[in-house]
Amino acid sequence: MESLLPPVNSHNEWDPLEEIVVGRLDGASIPSRHPVVTCNVPPWAARLLGLASGFRYPRIMIERAQRELEEFVSLLRSLDITVRRPDPVDHKRRFGTPHWSSRGFCNTCPRDSLLVIGDEIIETPMAWPCRYFETHSYRPILKDYFRRGARWTSAPKPQLTQELFVPGFRAPKPGEPVRHILTEFEPVFDAADFVRAGRDLFVTRSNVTNRTGIEWLRRHLGPDYRIHEIESRCPTPMHIDTTFVLLAPGKALVNPEYIDVDHLPEVLDSWDILVAPEPDPIEDRLLKITSMCGKWLSMNVLMLDEKRVIAERHHTGMLRALEQWGFEPIPSDLLHYAPFGGSFHCATLDIRRRGTLESYFD
């Protein structure tokens, strides 16, 4: 039965899911070695990026991730969820602006470059030069939604000149205060640094999202929405969905390593704060070396509604915890997607959920 909702309609992370965009691995290339990229990886990995940037990922990595991704897509479709995919792109091609040039990365994570607020899709001003034109692979989908009535906005395209980045930036060592590579030269943010709870959004400032970017979104959304900042203790912060995850009305999942539960925004005082269990260890040596996301990717789950949740089969501790908290986890495999930017939440963009705009904190 065709949905009676607008083509784009998603206000939170848990209303019943009807339509979703899933990323694509085709043409994925190792990202260019830029300080805003390498500041989030160990020094040895930064040196490796310098040697390998612009090359294709090894076939063995692509094939393992591709199998899992296709099985995930099949699972979504078996649950009567409409799945849309971006166009394939040759990310090895070089592009540029008057100030710099770069090769691409991949379009595996629509959660980063596109933000859905109600019936509006916002193209975000991303800080990685290699992702500057990433939303172009989604343009056929965006045009279709626009023709069918959705609102389509693009935040100001950033210049990404050296003024945006702290010169000689060094990621803090354990015990040192958190520092960020971004200045406030211009607004930049990734959509994946935000999670939505109706009229309230939560954000982490990170190495891809600055205060000016948060303020741009606050002004754009206007007085009908409130944005609350979640302070992260991650030494290399990037994206909120391995730090603070909204599961259902009144229930939020937090990373005990990155979050001080005694210093959350006051609006969360009435919510159940669920502490994520220690992730199951990853034994695959290649996966440990190449993952861009760290061990807490176990938190990167996708809510299908207020009860059902797709979670990584490998992380049995998280599956048990979700059951104990009253959820119905659906185990699936996406472990080998980590080198390309994430897991179930990162790899998707929920376009249509069956629900209306509400306030959960009045």
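In which strand does Val116 lie?

Guide: Val116 lies in strand S5, residues 114-117; strands here are DSSP runs of E with at least two residues, helices are runs of H or I with at least four, and both are numbered from the N terminus. Bear in mind that this is a predicted model, where local features need pLDDT of at least 70 and side-chain atom pairs count only at pLDDT 80 or more, while totals for chains, interfaces and linings use all residues. Residues are numbered from 1 along each chain as its sequence is written, and side-chain values use heavy atoms, with hydrogens and water left out.

Val116 is buried, at a relative accessible area of 3% (buried is under 20%, exposed over 50%, partly exposed in between, with a 1.4 Å probe and protein chains only). Beyond its neighbours within four places in sequence, Val116 is in contact with Val8, Ser10, Ile121, Arg196, Leu349, Asp350 and Ile351, contact being heavy atoms within 4.5 Å. Asn9 sits 107 residues from Val116 in sequence, yet their C-alpha atoms are 8.0 Å apart.

Now follow Arg196: its bridge partner in S9 is Leu201. Strands S8 (residues 194-197) and S9 pair antiparallel over four bridges; pairing takes at least two DSSP bridges. S8 and S9 form a hairpin with two residues between them, and Gly198 in that turn has a positive phi of about 65°. In S9 (residues 200-203), Asp200 and Phe202 on one side and Leu201 and Val203 on the other are all buried. S9 also runs parallel to S10 (residues 226-229), joined by four bridges, and Phe202 has His228 as its bridge partner there.
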